Amino acid sequence: MNIILSVYKKLYRMYGPQGWWPIDNEYHKRDFSYPKTGRQQLEVCLGAILTQNTSWKNVEKALENLKKNNLIDPKKISSIDKKRLANIIRSSGYHNQKAKKLKIFSRFYLSLKGRAPSRDELLEVWGIGPETADSILLYAYNQSEFVVDAYTRRLLASMNIITEKFAYDEIKLLFENNLPKDYRLFQEYHALIVENGKNVDYNRKYSSKK
DNA sequence: AGCCAGGCTACCG
DNA sequence: CGGTAGCATGGC
């Protein structure tokens with residue numbers, strides 16, 4: 001069995017099913033039928049943007065605030081005053097940048113008229129980089145795109161499978177070429193890597209930033 | 001009381 | 001091209 005798959009099994013034994021992406025603060029373990037509504041789909045997209053270089057705790061509050069203001073809605077986000085939006089999502093950090101990102105994404109989301117975006121389309125949107133694009137495709141659209149984040153790099157580097165300077169797409173392909181193309185597996189695997197990253201101290205030695 | 005988090009853009013050489 | 005400063009709050 002290849003090492004990528006055996007690492008998955010080991011993590012799964014250690015932590016069990018994760019039930020990502022959290023929606024309304026809940027982790028739907030062993031249920032891969034989410035998102036169930038357009039609103040949930042948008043919530044995943046917004047969360048993916050808000051969590052950029054930010055702990056999920058801080059994002060939860062921002063999402064709660066958005067809900068309180070009835071703002072999980074692309075039209076409302078498009079039209080709300082940017083300063084006001086920034087204040088609502090303040091707890092997620094970089095709130096001025098992220099307010100802009102949410103507004104630009106909402107416009108884009110509306111332009112899709114319900115269809116799924118391609119990865120290239122997402123990458124053309126200001127504020128959406130490779131990890132956010134893959135998170136959106138994997139968790140909001142249930143497409144088999146593997147998500148690579150800082151924890152993924154640290155994990156593979158700690159096992160000497162990669163060096164720190166592997167490109168995003170190289171790491172992504174390493175997973176996708178060694179796993180059955182199954183979005184449920186991809187969802188669970190990435191979630192397990194993050195859970196593991198939160199619990200394991202890599203001594204910051206393998207961080208992508210210095 | 002620093003250090004860091006589920007990154008990305010802009011700008012520099 | 002590759003490298004890096006800037007963005008910002010809250011948790012530990």
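The centres of domain 1 and domain 2, taken over C-alpha atoms, sit 23 Å apart. In chain A, domain 1 covers 3-31 + 146-199 and domain 2 covers 38-140, with bounds that come from an automatic or database domain assignment. Keep in mind that this is a predicted model, where local features need pLDDT of at least 70, side-chain atom pairs count only at pLDDT 80 or more, and totals for chains, interfaces and linings use all residues. Residues are numbered from 1 along each chain as its sequence is written, chains are lettered from A, and side-chain values use heavy atoms, with hydrogens and water left out.

**Where the two domains meet**

How many residues of domain 1 are in contact with domain 2? There are 19, and they touch 18 residues of domain 2; contact here means heavy atoms within 4.5 Å. The size of an interface is often given as the accessible area lost when the parts come together. Here, the area buried between domain 1 and domain 2 is about 1600 Å², and carbon and sulfur atoms give 59% of that. (Buried area is the accessible area, with a 1.4 Å probe, that two parts lose on being put together, summed over both.) Trp21, Ile23 and Val147 supply 40% of what domain 1 buries against domain 2, more than any other three residues.

The interface also has seven residue pairs in polar contact, both partners being at pLDDT 80 or more. A polar contact is a pair of N or O atoms within 3.5 Å; within protein, one must be able to donate a hydrogen and the other to accept it, and residues adjacent in sequence count only if both atoms are side-chain atoms. On the side of domain 1 that touches domain 2, helix H10 (168-176) and helix H11 (183-199) each supply at least two residues, and H11 gives the largest share, five residues. Helices are DSSP runs of H or I with at least four residues, numbered from the N terminus.

**Salt bridges**

The structure holds nine salt bridges, and three of them cross the interface of domain 1 and domain 2. The rule asks for a side-chain nitrogen of Lys or Arg within 4 Å of a carboxyl oxygen of Asp or Glu. Here are two from the structure:

| Asp134 | Lys172 | 3.2 Å |

Most residues other than glycine have a negative phi, and most peptide bonds are trans. Now look at the loop between helix H1 (3-15) and H2, where Trp21 has its place. The peptide bond from Trp20 to Trp21 is cis, with omega near -5°. Pro35 lies in the loop between H1 and H2 too, and the bond from Tyr34 to Pro35 is cis, with omega near -5°. Asp24, in that loop as well, has a positive phi of about 50° although it is not a glycine.

**How confident is the model?**

Chain A has a mean pLDDT of 94, and 96% of its residues reach 70 or more; pLDDT is the predictor's confidence in each residue, from 0 to 100. Over residues 205-210 the pLDDT is below 50, and this stretch has seven contacts in the model beyond near neighbours in sequence. Where pLDDT is low, the predicted coordinates should not be read in detail.
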